Amino acid sequence: EQDGFDGSFTENIGQADIAEITRGYADDGYDLIIGHGFEFGSAFLEIAPDYPDQKFFATTFQPQDDIPANVQYLDAAYYDAAYAAGALAALISENNVVGFVGGGDNPTQRGMMNALIGNGADVIWHAADVTGLGAIEGAVASDVRVLGAYSDQTGIAPDNMGASLVMDLNTMVQKLGQDVMNGSFMAGEEWRPTVSEMWHWAAGDSDHNPDIIPDDVWASYMEIWNDLDAGNIDYPIETE
């Protein structure tokens, strides 16, 4: 927590409990309520209008054009992140085949998977939580390279993990709190940060493991990353 802010959180919320828990926080007077995940997108459409003096933020795409005036959604550069991971996987693959393991079946996951799915892969990337741990274990068992997601997962597979694409949720939450406090919260809009504003690569004390991703390959990859961050790379997005 930051000085001057009081916060609370609830983990592992089931779909059926979203409304009750969200309304509980709103009734308790919290100024900002953050829902982390695709499932909060439509829920906030129904809940937020009942609490016009409070702000709501969902870490998923804006579900429709007409949204409550006190809700902000997030395009967290998920597709850019997927492209970035796919590009790195391709650069370090010896078989020219990479594999992807996703989480729940939703448009975000389908859009990411359509860019990365492969068979007989020697590099695996995941974009899942518990399911992702299984993907890492499978990569280790098959002695192939793996890329982590959301947090630095080097410690889980130090001999196979080239790098992890870390989502900067702490920075995001701090920014949102400050935005609400100073009146700059973008209510009724979708925030669209660049890939480097929401993500970074990590491998322990470095950004990559040179034993798995050679430094010259990493340098070449950084050119792709920087172009992606600058919006210089266009790619098709399919979510069906």
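Predicted model: local features only at pLDDT ≥ 70, side-chain atom pairs only at ≥ 80, totals over all residues.
Q: What is the strand order in the open sheet of 5 strands?
A: The order is 4-5-6-7-9, and the pairing is mixed.

Q: Which strands are at the edges?
A: The edge strands are strand 4, residues 98–102, and strand 9, residues 199–202. Each of them pairs on one side only.

Q: And by how many degrees are neighbouring strands turned against each other?
A: On average the angle is 20°, with direction ignored.

Q: How many bridges join strand 4 to strand 5?
A: There are 5 bridges between strand 4 and strand 5, and the two strands run parallel. Strand 5 covers residues 123–127. As an example, Gly102 has Ala127 in strand 5 as its bridge partner.

Q: Which helix packs on the sheet there?
A: Helix 5, made of residues 130–141, packs on the sheet. Helix 5 touches strand 4, strand 5, strand 6 (145–150) and strand 7 (161–167). The direction of helix 5 makes about 170° with that of strand 5.

Q: Changing topic: how many salt bridges does a search of the whole structure find?
A: The search finds 4 salt bridges. In general terms, side chains of opposite charge can pair when their charged atoms come close.

Q: Which residue does Arg145 meet in a salt bridge?
A: The partner of Arg145 is Glu94, at 3.9 Å from N to O. This pair links distant parts of the chain, 51 residues apart. Arg145 is in strand 6, whereas Glu94 is in the loop between helix 3 (78–92) and strand 4.

Q: Are those two buried or exposed?
A: Arg145 is partly exposed, at 27% relative accessibility. Glu94 is exposed, with a relative accessible area of 65%.

Q: What about Lys175 and Asp179: how many residues apart are they?
A: They are 4 residues apart in helix 6 (residues 169–182), so about one helical turn separates them. Lys175 and Asp179 form a salt bridge in which the closest N and O atoms are 2.6 Å apart.

Q: Why does Asp179 count as buried?
A: Asp179 counts as buried because its relative accessible area is 10%, and buried means under 20%. Lys175, at 32% relative accessibility, is partly exposed.

Q: Which residue pairs with Arg192?
A: Arg192 meets Glu190 in a salt bridge, at 2.7 Å from N to O. Arg192 is exposed at 62% relative accessibility, while Glu190 is buried at 16%.

Q: What does Trp199 touch?
A: Beyond residues up to four places away in sequence, Trp199 touches several others, including Ala76, Tyr78, Tyr150, Leu165 and Trp225.

Q: Last one: where is Thr22?
A: Thr22 is in helix 1, residues 18–27. Thr22 is buried, with a relative accessible area of 3%. A polar atom of the Thr22 side chain lies 2.8 Å from the backbone oxygen of Ile18. Leaving aside neighbours within four places in sequence, Thr22 is in contact with Ile33, Phe40, Phe44, Ile47 and Phe56.

Notes: Residues numbered from 1 in each chain as written. Heavy atoms only, no water. Pairing = 2+ DSSP bridges. Axes fitted to C-alpha atoms, helices over the stretch in contact; angles between N-to-C directions. Contact = heavy atoms within 4.5 Å. Salt bridge = Lys/Arg side-chain N within 4 Å of Asp/Glu carboxyl O. Buried < 20%, exposed > 50% of the residue type's maximum accessible area, 1.4 Å probe, protein only. Polar contact = N/O pair within 3.5 Å; in protein donor to acceptor, adjacent residues only side chain to side chain.
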